[in-house]
Amino acid sequence: MSAVLGALVPVFLIIALGAVLKRRLLPEASHWIALERLTYFILFPALLVVSIARANLSEVAVVEVSTALLGAIALAGLGLSLARPALCRAFHLPGPGYTSVFQGALRWNTYIALAVSGALAGPRGLAVAAVGLAVMIPVLNTLSVIVLARHGENPATSNRLLLQQILRNPFIWSCAAGAAINALHLPVPPVLLTFGDILGRSSLALGLLVVGAGLRLEDLRRPRAATWFTCLVKLAVLPALAVGIGVALGLREVDLLIVAVGAAVPSAPNGYVLARQMGGDAPLLAEILTVETVLAAISMPLVIAAVALL
């Protein structure tokens, strides 16, 4: 447990620092919006391209890791879709509110996932995490855009508009670029990889600070029932599904550990940006993100410690 805490505590300290900076040193919202846009459109896509392009996938059970993560997403997503009418009635949610529950329950915070994976298992952990990045980010962003396009305040009027929203997402095309370089062994000048690596390394610290700055601590006073439900799905049900599928497929040690990390992290702050852009319930998602991030500081060590015993 001490090794787990040693990997997780620095990550959550950076998040806490972001919350303090937002209230003390950089209170202007415009500062954090600029950092958010820089990280979202430039720094983190650079990290995705370089991480996936450089990943040594020969040591990773690519099919099994991908199946465990995507299988958990598929089962949880199908359950949420089938239960949508009941959830909307039980929690008094209009369509935009449902999109926030959907995003909050399924998306994963890649900043935290990469930071924890590297701290727990070094380059081997990052290679497994790169597989997760390549398969989950395009799928989750596509699902989120589809759900927002169908149930948000500004539903897409055509499949063409929906496709445009998907193709505009920088995480999708950066994952595709990194995967193409890796799979096809495309020659990339070392200077460009070094350039992208420098940009990418800065994205983790900045991304975690932005996560902390985005926390709305006042939302911790009385979270809504929909928020508690979403936290239960994201922090307990999804990791249980992913680990269960992984064990059934024969995953062990680092592969299974990083699958658990990817499933157990709180939801992605980029979902909040997407909710604002596409007519989701951004305030509800902000509340979900805040509560999930705080609870994850407790739930993640428990999940990782449990997996380490398998």
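# Briefing: helix packing and selected residues

Helix 5 and helix 10 (residues 225–248) pack with their axes 8 Å apart, at an angle of about 25°. This is a predicted model. Helix 5 also meets helix 3, and helix 6 meets helix 12.

**Helix 5 with helix 10**

- The angle is under 35 degrees, so helix 5 and helix 10 count as roughly parallel to each other.
- Their crossing is right-handed.
- Helix 5 supplies V101, G104, A105 and L106 to the contact.
- Helix 10 supplies A226, F229, T230, V233, K234 and L238.
- By class, the residues of this contact are seven nonpolar, two polar and one charged.

**Helix 5 with helix 3**

- Helix 3 spans residues 62–82, and its axis comes within 10 Å of the axis of helix 5.
- The two axes cross at roughly 160°.
- An angle over 145 degrees counts as roughly antiparallel, and therefore helix 3 is roughly antiparallel to helix 5.
- This crossing, of helix 3 and helix 5, is right-handed.
- On the helix 3 side, the contact is made by I73, A76, G77, L80 and S81.
- On the helix 5 side, Y98, F102, A105 and L106 take part.
- The contact of helix 3 with helix 5 has seven nonpolar residues, two polar ones and no charged ones.

**T99 in helix 5**

- T99 sits in helix 5, which covers residues 95–106.
- T99 has 1% relative accessibility, so it counts as buried.
- Leaving out residues up to four places away in sequence, T99 touches V147, L148, H151, G152, G280 and D281.

**Helix 6 with helix 12**

- Helix 6 runs over residues 110–151, and helix 12 over residues 270–278.
- Their axes come within 12 Å and cross at roughly 15°.
- Helix 6 and helix 12 are therefore roughly parallel to each other.
- Helix 6 passes helix 12 in a right-handed crossing.
- Seven residues of the contact of helix 6 with helix 12 are nonpolar, two are polar and none is charged.

**More on helix 12**

- The buried residues of helix 12 are N270, G271, V273, L274, A275 and M278.
- R276 counts as partly exposed because its relative accessibility is 43%.
- R276 touches E36 and A282, not counting residues up to four places away in sequence.
- R276 and A34 are 242 residues apart in sequence, and their C-alpha atoms are 15 Å apart in space.
- G279 follows helix 12 and has a positive phi, near 80°.

**Cysteines**

- A disulfide is a covalent bond that joins the sulfur atoms of two cysteines.
- With a cut-off of 2.5 Å between cysteine sulfur atoms, the count comes to zero disulfides.
- C231 is in no disulfide, and the nearest cysteine sulfur, that of C88, is 18 Å away.
- C231 has 5% relative accessibility, so C231 counts as buried.
- C175 has 2% relative accessibility, so C175 counts as buried too.

- H185 is not a glycine, yet it has a positive phi of about 55°.
- H185 is placed in the loop between helix 8 (170–184) and helix 9 (190–213).
- H185 has a relative accessible area of 67%, so it is exposed.
- E253 is not a glycine either, and its positive phi is about 50°.
- E253 is found in helix 11 (residues 253–264).
- At 72% relative accessibility, E253 counts as exposed.

Technical notes. Residues numbered from 1 in each chain as written. Predicted model: local features only at pLDDT ≥ 70, side-chain atom pairs only at ≥ 80, totals over all residues. Heavy atoms only, no water. Axes fitted to C-alpha atoms, helices over the stretch in contact; angles between N-to-C directions. Helix = DSSP H or I, 4+ residues; strand = E, 2+ residues; numbered from the N terminus. Parallel < 35°, antiparallel > 145°, perpendicular 65-115°, else oblique. Left-handed = near helix turned anticlockwise from the far one by under 90°. Nonpolar A, V, L, I, M, F, W, Y, C, P; charged D, E, K, R; others polar. Buried < 20%, exposed > 50% of the residue type's maximum accessible area, 1.4 Å probe, protein only. Contact = heavy atoms within 4.5 Å.
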